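Subject: Structure for you to look at

Hi,

Here is the structure I promised. Please open it first, then read my notes below.

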Amino acid sequence: MKHLREKLEGKIATQREKMEDRLVTHYAKGKRKLFDVIVPPSGGKKTSEEEGKEMLKCLDVGLKRGFMTQQLYDFRKKEIEDAIAAGQKIDNSDPFVKVNEAEDERVVRRSYDWQSKQWVEHPINIKLNPYPFAEGGMRYAFAMLDFSRPQGDQRCVAKLIKDKTSSAGEYELDIVMQSACQSIAQAFNGRGAIKPVKFADAYMITRDDGTMLAVEPYISGDYKKYNNNFGYVSHEGRNTPQAFSHFSYEHSNHRMLIVDVQGVGDVYTDPQIHTADGNGFGGGNLGQEGIDKFFKTHWCNPICLYMGLPICRPKLLHFITLKTKAKESGTVAGPTPASGQPQSQCAQSAGEGFKLSEYLTHIHPVSGCATEQDLALLGMRNDQFERLVQVFNTIDSNKDGALDRSEVLHVVDASNLQMDAKDLQEFMQRLDAALSKTEKLGFAQFLCIWTGNE
């Protein structure tokens, strides 16, 4: 009898392990979202209580297998037990099911404009579900309704950093980075991209108790990661995301590269920017190493060629000379560069219209005016910037924020910054080219000429 009981218990344990393994397999292969694994969607003929008990079992598996923290487990368990006690049907197929039950809140919304480099804030009304519907390694995700948005487009995801010691600067960094990517995306689309791309509008909110969350519109659909910040490329072979990353590098005159391209279709979110000197844009900025990793695994595709980008390990070399049509998910691309067209011309056309000074219009000869990101794009150290601010203001006798040719040369002489003969010659050529179009240079334009970015 004892032997039979042990055998039966062994079979039950084996079946339990198989059930858990199926959940793990589904999760690992991405066939079901984490949300569905730990709390599967309702449906079928089960009663609320029966289904609730099944959900609680799945919840235990999620905690045991490390799919969630104890805090998220407690949130979920209470939500299910409350629904069972109230005799309510549990519907977790949509994370926004219960958000309408939340109280109205008045919060402060802060967004960033990359062109003006200004933060804009104003109050908005929201509803925020107190329970997260998902979590990643660093953040919880909450369902939120933003009533300042148009009707039918009010669903948002609010992300809370798990680290309770996090500061406003960590939230601000993500918002600034996404705003910068939006600007590059507009340039990409303006170059005649076959499939336009878009970065979700990101902003942050501050609640009455001081809690901050990063917010972006909820994107429904099949979420994909197309590349990461260390050379990974999705095996799906989508052309547009990889071409966009390549374009960002050429468009910024090799100053920065947008990676971690991910989202639904070509609506992207949570990007990362590498800069040539590794400064700015947070810990995910791996600098030149990250840039090198991207180009070691990037194969130029028909979109790269159509956009006139310099060729990098092309998949099909004959696209250079044959006037063919490229297909990407059923979309027909335009003509590729004409046969015999020099690649240097392609490279120049890719960056055509990009002027760093237009991105730095907020910079004036004022101490502390340049952000870490600004300095990264310019390729300058902060002490160099501060020295030029000091000298520029001394030479600018009219105090109009602009210098003529002789005054610029005085700045060069008085700055005492090292510049060899070759660099000086190239600087003079850039200076003469710029002054052939205008009588005086503003501070931002002067900096771009000084650093060789204009």
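Are Phe385 and Phe443 buried or exposed? Both Phe385 and Phe443 are buried. Keep in mind that this is a predicted model.

Now the aromatic rings. The structure holds 15 aromatic pairs. Take Phe188 and Phe247. Their ring centres are 5.3 Å apart and their planes meet at 70 degrees, so this pair is edge-to-face; the cut-off for that label is over 60 degrees. Phe188 sits in helix α5 (residues 168–190) and Phe247 in helix α6 (residues 239–251), so the pair ties together parts 59 residues apart in sequence. Phe188 is buried, at 0% relative accessible area. Phe247 is buried too, at 0%. Phe385 and Phe443 also make an edge-to-face pair, with 5.9 Å between centres and 65 degrees between planes. Phe385 belongs to helix α12 and Phe443 to helix α15 (residues 443–451), so this pair links parts 58 residues apart in sequence. One aromatic cluster is formed by Phe188, Phe199, Tyr226, Phe244, Phe247 and Tyr268.

Next, a charged residue. Asp396 lies in the loop between α12 (382–395) and β16 (402–403). Asp396 is buried but has no salt bridge. The nearest side chain of opposite charge is Lys399, 5.8 Å away. The backbone nitrogen of Lys399 is 3.1 Å from a polar side-chain atom of Asp396.

Last, a sheet. It is open, with 4 strands in the order β6-β12-β11-β9 and mixed pairing. β6 (198–199) and β9 (223–225) each have a single partner strand, so one side of each has no neighbour in the sheet. β9 pairs with β11 (residues 262–264) in the antiparallel sense, over 3 bridges. Tyr223 stands opposite Val264 in β11.

Best wishes

Technical notes
Residues are numbered from 1 along each chain as its sequence is written. This is a predicted model: local features need pLDDT of at least 70, side-chain atom pairs count only at pLDDT 80 or more; totals for chains, interfaces and linings use all residues. Side-chain values use heavy atoms; hydrogens and water are left out. Helices (H or I, at least four residues) and strands (E, at least two) are DSSP runs, numbered from the N terminus. Buried means under 20% relative accessible area, exposed over 50%, partly exposed in between (1.4 Å probe, protein chains only). Lys and Arg count as positive and Asp and Glu as negative; His and the chain ends are not counted. A salt bridge is a side-chain nitrogen of Lys or Arg within 4 Å of a carboxyl oxygen of Asp or Glu. A polar contact is a pair of N or O atoms within 3.5 Å; within protein, one must be able to donate a hydrogen and the other to accept it, and residues adjacent in sequence count only if both atoms are side-chain atoms. Two strands pair if DSSP finds at least two bridges between them. Rings of Phe, Tyr and Trp (its six-membered ring) pair if their centres lie within 6.5 Å; planes under 30 degrees apart count as stacked, over 60 as edge-to-face and the rest as tilted.
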